[in-house]
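I am opening a notebook on a structure that is new to me. I will look things up one at a time and write down what I find.

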Amino acid sequence: MVTVIGWQKRQKENGESFNVLNLQGGIEMIKSLKTGKFYATARKANLVCTFNDATCEALVTKELSGTIEKVECEAYEYTIPSSGEVIVLNYNYVFNPAASNVEEHVFEEVK
């Protein structure tokens, strides 16, 4: 399960606006490579939607079936907001909806 933790209004290159839901997965324990100590974190992803502002606001705190998964992609630079350090990443996080029923799951496997 993932939780809608917020939403944002964005603009296409042509100036048209659209909304994006901000999603967060459950708590994960990650071991630090530097200290060897564990810390709690949660994966986050954005989901483009066709909902208006009022609907997006009403969805905040709602849970959705699915997971947020780490997916490889072309390498890109990312600036860590707290330190300003620029790092290179080759992955991003995407929302993967869970099959809502057995039939849907079976048909997905056949594709």
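This is a predicted model: local features need pLDDT of at least 70, side-chain atom pairs count only at pLDDT 80 or more; totals for chains, interfaces and linings use all residues.

Residues are numbered from 1 along each chain as its sequence is written, and side-chain values use heavy atoms, with hydrogens and water left out.

**Entry: the rings**

I then looked for aromatic pairs, meaning rings of Phe, Tyr and Trp (its six-membered ring) whose centres lie within 6.5 Å, with planes under 30 degrees apart called stacked, over 60 edge-to-face and the rest tilted. The count comes to one aromatic pair. Tyr91 and Tyr93 form that pair, edge-to-face, with 5.6 Å from centre to centre and 75° between the planes. Tyr91 is partly exposed, at 22% relative accessibility. I also found the charged end of Lys70 over the ring of Tyr91, 4.2 Å from its centre; the rule here asks for NZ of Lys or CZ of Arg within 6 Å of the ring centre and within 35 degrees of the ring normal.

**Entry: the whole chain**

I counted two helices and six strands in the protein chain, taking helices (H or I, at least four residues) and strands (E, at least two) as DSSP runs numbered from the N terminus. Along the sequence they follow the pattern β-β-β-α-β-β-β-α. Of the 111 residues in the protein chain, 15% are buried.

**Entry: the sheet**

I traced an open sheet of four strands in the order β3-β2-β1-β4, with antiparallel pairing, where two strands pair if DSSP finds at least two bridges between them. Its edge strands are β3 and β4 (63-64), each of which pairs on one side only. Strand β1 (residues 2-11) is joined to β2 by eight bridges, and within this strand Gln8 has Val20 in β2 as its bridge partner. Between β2 and β3 I found eleven bridges, again antiparallel, with Leu23 standing opposite Ala45 in β3.

**Entry: the turn**

I followed β2 and β3 into their hairpin, which has six residues between the strands, and noted that Gly36 in the turn has a positive phi of about 80°. Ser32 is found in this loop, between β2 (17-31) and β3 (38-49). The side chain of Ser32 reaches the backbone nitrogen of Lys34 at 3.2 Å, and a polar atom of that side chain also lies 3.2 Å from the backbone nitrogen of Thr35. Leaving out residues up to four places away in sequence, Ser32 touches Lys37 and Tyr39, a contact being heavy atoms within 4.5 Å.

**Entry: Gly66**

Gly66 and Pro97 are 31 residues apart along the chain, yet their C-alpha atoms are separated by 4.0 Å. Not counting residues up to four places away in sequence, Gly66 touches Met1, Val2, Phe95, Asn96, Pro97 and Ala98.

Methods. Buried means under 20% relative accessible area, exposed over 50%, partly exposed in between (1.4 Å probe, protein chains only). A polar contact is a pair of N or O atoms within 3.5 Å; within protein, one must be able to donate a hydrogen and the other to accept it, and residues adjacent in sequence count only if both atoms are side-chain atoms.
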